[in-house]
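Have the sequence and the structure side by side as you read.

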Amino acid sequence: MMLLKNNKCLLLLLAFVSEFADGFLCRDPKPTSALHAKGRASGGGFGTPKKAPKIEDDYALFPKLDPNILSTLIPSDTTTFSSEIYQRLDQIYGFPDFNYDTQASSTTSLLEDLITLSESPTLDSSSTMFDSLPAFNNLRVLHVDPLVISVPNFFTADECERYQALSTNTNSLQSRSPTVGKDAVAKAQRTSTTWYHPFASVPELMVKASRLLGLDSIDCWEEPQTVRYRPKEKFTWHLDALGPTEKQDSQRIATLLVYLTDLSTEDGGATLFRDLQDEHGQRLAVRPTQGTALLFFPAAGGLPETPYDIRTLHCGQQVVSGDKWIAQLWLRERPYVPTAPPGNRHAQAMTAMAEYCRLFS
């Protein structure tokens, strides 16, 4: 009996020592230098994160931008396109033929070329099926750096209605809207529904998106999607670019959203950029307007050697009333292999796109 008691005491003593040692060894060691301390607190351009912020806080997942990053922001003092904007699209974002003018004469003088550049560049490459579409008019510059562009009348009202109806088609794949990021926090921040469409079923979207950016093929586009937000649904702060931990063959270099429904300011659902300001000094908020496209560039610009532009942090505000529908596309820097719906391929859209382009011939 005495031996049993002694063994029990010994076991309790060993358990106490083990627990004490584990607690000591698992402590986060103090940084050995000021440089280490700075590195541990760094937010990669987002500044120093707050301690235990609430999830509803605008700076909970993404701390405030570093002052040096904030100083690079250039709001738009005019919504008119200019030669400077086309130069930015070419030199920073890599789109030299953005919204090119197919009607411009190839025999114009240098002076005439400079004048034309202020309106739209001339396409130098060989012609494509997209040339039959005219250049888009009345493009608006919502922010200069990073560049955010609005394209009114990108879709007709009939096209907007067709794309909503398309989402109930059995050829489309419905899913809970995915997020960039695999953790539970990221997944919890989006509450919409997404449909993935075959490229062949959305020729208007593929042709117009490629025409706008001055592309000669659709091979770099991700799967076309439509997204529906019902009342109380939202998409909190996020970046569209793929992070270093994301499996990727190439980076997302452009985001194109097309609003398929109208929502008033009171209805909510605006696309809000946390760190960008409009011409009135308020946070840049783009209200859904049927047929209008929103274009920005999630990877180029910002910090050197950083795979994304942290300044493009944005959210889809909660819908208060009505339904918010959008069509969305992401462009990769290299040809993309689609994965949804099963068997979806870019080449399958060629016939439908050619037929659509003939409507403009």
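## Backbone, strands and a helix packing

Lys232 is found in the loop between strand 6 (225-229) and strand 7 (235-238). Please keep in mind that this is a predicted model. Although Lys232 is not a glycine, its phi is positive, at about 80°. Is Lys232 buried or exposed? Its relative accessibility is 69%, and residues over 50% are called exposed, so Lys232 counts as exposed.

Asn99 is another residue other than glycine with a positive phi, here near 50°. Look for Asn99 in the loop between helix 4 (83-91) and helix 5 (110-117). With a relative accessibility of 2%, Asn99 counts as buried, the cut-off for that class being under 20%.

The table puts these two residues side by side.

| Residue | Phi | Relative accessibility |
|---|---|---|
| Asn99 | near 50° | 2%, buried |
| Lys232 | about 80° | 69%, exposed |

**Cis peptide bonds**

Next, two prolines. Asp145 and Pro146 are joined by a cis peptide bond, with omega about 0°. Pro146 itself sits in the loop between strand 2 and strand 3. A cis peptide bond also runs from Ala340 to Pro341, and there omega is near -15°. For Pro341, the place to look is the loop between strand 13 (324-332) and helix 9.

**Strand 2 and its partners**

Strand 2 and strand 3 are connected by a hairpin, through two residues. How do strand 2 and strand 3 (residues 148-151) run, parallel or antiparallel? They run antiparallel, and three bridges join them. In this pairing, Arg140 stands opposite Ser150 of strand 3.

Strand 2 also pairs with strand 1 (residues 74-75), again antiparallel, through two bridges. Here Ile74 is placed opposite Asp145 of strand 2, and Asp145 is also a partner in the cis bond to Pro146. Strand 2 (residues 140-145) is mostly covered, with five of its six residues buried.

**Helix 9 and what covers it**

Which residues of helix 9 (residues 350-358) are buried? They are Ala352, Met353, Tyr356 and Cys357. Viewed down the axis of helix 9, these buried residues fall within an arc of 135°, so they line one face of the helix. Turn to the other side of helix 9 and you will find Thr351 and Arg358 exposed.

The elements that cover the buried residues of helix 9 include helix 6 (157-166) and helix 8 (203-213). To describe two packed helices, one gives the angle between their axes and the distance between the axes. For helix 8 and helix 9, the angle is about 70° and the axes are 9 Å apart. That makes helix 8 roughly perpendicular to helix 9. On the helix 8 side, the contact is made by Pro203, Glu204, Met206, Val207 and Lys208. Helix 9 contributes Ala352, Met353, Tyr356 and Cys357, and these four are the buried residues of the helix. Sorted by class, the contact between helix 8 and helix 9 has seven nonpolar residues, two charged ones and no polar ones.

Key: Residues are numbered from 1 along each chain as its sequence is written. This is a predicted model: local features need pLDDT of at least 70, side-chain atom pairs count only at pLDDT 80 or more; totals for chains, interfaces and linings use all residues. Side-chain values use heavy atoms; hydrogens and water are left out. Buried means under 20% relative accessible area, exposed over 50%, partly exposed in between (1.4 Å probe, protein chains only). The arc is that of the directions from the helix axis to the C-beta atoms. Contact means heavy atoms within 4.5 Å. Axes are lines fitted to C-alpha atoms, for helices over the stretch in contact, and angles run from 0 to 180 degrees between N-to-C directions. Angles under 35 degrees count as roughly parallel, over 145 as roughly antiparallel, 65 to 115 as roughly perpendicular and the rest as oblique. Ala, Val, Leu, Ile, Met, Phe, Trp, Tyr, Cys and Pro count as nonpolar, Asp, Glu, Lys and Arg as charged, and the others, Gly among them, as polar. Two strands pair if DSSP finds at least two bridges between them.
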